[in-house]
Structure formats: C-alpha cells, structure tokens
Amino acid sequence: MSELVASICFLISGFAFLFESQKIRVLRFGSLGGDFFPKMLSIMTIVVSTVWLISSVVKLLKKKQSIRLEFAPGGVARTVAYLAGFALYILMLDLFGFFLPSVGISLFTYLLLKEKTRLLDFLTAGVYSVVMVTIVWLLFTRVLGLILPTGRLI
C-alpha cells in the first residue's frame, strides 16, 4: 500500500513540476533553452510514476488482501524534515544563489538517507556534496551554457 501512495505522490509532483516548468522564461543561449531540463525531468517523473502506479495496483489486485499503510520507523519524521529542508532550500536559492544552498540540501539528503549517522558520515557527506554540486554547476554553466540562480546576498 505504501508503494501505491508513493507512486500517486510522485505522479502529482510530476504534474506540478511540469505545470511550474511552463512558467520558465526561455532564454536561448545555445541549442537548449533553460526550460528543457525541468520539462524533461517532470515528464520522466510522470512516466516512471505512472508505471509504478500501475505496477502497484496490479500487485494489490493479485494479492487481494486488506490494504494497510505501513511506514518504516522514523520515515514520516524524515519525510517531513526533508520537505521542510527543501522549502528552506528554495528560499535560500534567492538569497545565496545556486551553490551554497545546493551543497546544503545535498548534505542534508545524504544524512537523512543514513539510518545511523557517525562523525565520518558528516565528512563523507560534505565531500560528496561539494564535489557533486561543483560537477552540476560546471556541467550547466560551462558545458550547456545555462545561467543558474545568483543570490542577492552573494
């Protein structure tokens, strides 16, 4: 049952992202506009979540058992924490630009996915976050020639 709920949530998110990506002002600096990746990712999310939804419904119909929603211990608290962190990330993009908030949300996501965090996990998460965000920044700005958000404070 939790797969069914998750697939519906992802499907709704995909449509919400697609709707929001329609609002992106298209500035063409090369072959791809700034709206290409958000639209492509939202369409991919819709397709994958639709397949997931159909698979979940088929599984439930085959089992013919009572529907019961179960969550892993701490799962709801982690989900709420991530949603709050993501909302903070969106607010921080306007103030600090792409790089610092992206490192923060990457670090936060990495640590939330660990069941138990140790001191070494913070170091690993920090290195991973800085390296991955730098690669994404280089890919989007240098290779694709897109403009990422710049902050008002930095």
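Start by selecting L120, L123, V127, Y128, V131, M132 and I135: together they make a nonpolar surface patch with about 640 Å² of accessible area. A patch here takes residues with over 30% relative accessible area and no salt bridge, and nonpolar side chains (Val, Leu, Ile, Met, Phe, Trp, Tyr) are joined within 5 Å. Areas are Shrake-Rupley with a 1.4 Å probe, and a salt bridge is a Lys or Arg side-chain nitrogen within 4 Å of an Asp or Glu carboxyl oxygen.

Before you click on, note that this is a predicted model, where local features need pLDDT of at least 70 and side-chain atom pairs pLDDT 80 or more, while totals for chains, interfaces and linings use all residues. Numbering runs from 1 along each chain, and side-chain values use heavy atoms, without hydrogens or water.

Now zoom in on Y128, in helix α5 (residues 119–143); helices are DSSP runs of H or I, at least four residues, numbered from the N terminus. Y128 is partly exposed at 39% (buried is under 20% relative accessible area, exposed over 50%, partly exposed in between).

Y82 has 29% relative accessible area and F86 has 32%.

Y110 sits in helix α4 and Y128 in helix α5, 18 residues apart.

Last stop: in α4, select P101, S102, V103, I105, S106, L111 and L112, which are buried.

Note on methods. Patch = residues over 30% accessible without salt bridge, like charges linked within 9 Å, V, L, I, M, F, W, Y side chains within 5 Å. Helix = DSSP H or I, 4+ residues; strand = E, 2+ residues; numbered from the N terminus. Buried < 20%, exposed > 50% of the residue type's maximum accessible area, 1.4 Å probe, protein only.
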